[in-house]
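Please read the following points with the sequence and the model at hand.

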Amino acid sequence: MSVPTVRADESSTRRDLVDSAITLFTRQGYAATSLEAVVAGAKVTKGALYHHFSGKQALFEAAFDAVESAVVNRLGEVVVHGPGTAWDRAVSGLRAYVEVCLEPSYQRIAIHEGPVVMGWERWQEAAEKYSYGLVRAAVAALVDAGEIDELPVEVTARILFGALRTGAAIIAGAAEPELAGADVSKTITRVLEGMRKLPG
């Protein structure tokens, strides 16, 4: 009976370390965050950290995964399971994504720090692993519903995915992120509208 308890404790410790890392990476960035500060925030020992992570980069990647997973779950509720037509869900998903891009943890960890800490290629692969599937599902649903022209789903999804990632970088780097977010949302919505089938 003791094994499940140990596993639960280990899971809790890992979660506390990741939560502490997310807070600190968001507040002060990867370079300025020490492992000592992370374990202090998690209220565990440094030995406990090394039991779960090989080092600071592995901890960052876990924080990145946690942030991206939370975002994908939230967006999935809108894009895949939300109310309305395929068009309604796609537009709502776009707005929800822009809202995510305004959040400090997503900006700092997923957009600013990710490509630097993880390397460009690995960051791109990770971003695609989490977000691309939702974009592709939205495009496929729009095509299946007859909402947009019967364009190649894979190509269309990749183009829109690239536009969304660029939009995220614009928002994260803007002096006035909310205004930039409104511009990004309006522009990508117009791109989608350009693909929409005319009535009749």
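1. A residue is called buried under 20% relative accessible area, exposed over 50%, and partly exposed in between (1.4 Å probe, protein chains only).

2. The model is predicted: local features need pLDDT of at least 70, side-chain atom pairs count only at pLDDT 80 or more, and totals for chains, interfaces and linings use all residues. Residues are numbered from 1 along each chain as its sequence is written, and side-chain values use heavy atoms, with hydrogens and water left out.

3. Gly-82 sits in the loop that joins helix 4 (56-79) to helix 5 (86-101); helices here are DSSP runs (H or I, at least four residues), numbered from the N terminus. Leaving aside residues up to four places away in sequence, Gly-82 touches Glu-77 and Arg-89, where contact means heavy atoms within 4.5 Å. Its C-alpha lies 9.0 Å from that of Gly-93, eleven residues apart along the chain.

4. Which phi does Lys-43 have, positive or negative? Lys-43 has a positive phi of about 60°, although it is not a glycine. Most residues other than glycine have a negative phi. Lys-43 belongs to the loop between helix 2 (35-42) and helix 3 (46-52) and is exposed, at 76% relative accessible area.

5. Helix 7 (residues 120-144) contains 25 residues and spans 34 Å from its first C-alpha to its last, close to the expected 36 Å, that is, 1.5 Å times one less than its number of residues. A kink of about 45° is centred on Ser-131; the bend at a residue is the angle between axes fitted to the seven residues ending there and the seven starting there. Just after helix 7, Gly-146 adopts a positive phi of about 75°.

Notes: Helix = DSSP H or I, 4+ residues; strand = E, 2+ residues; numbered from the N terminus.
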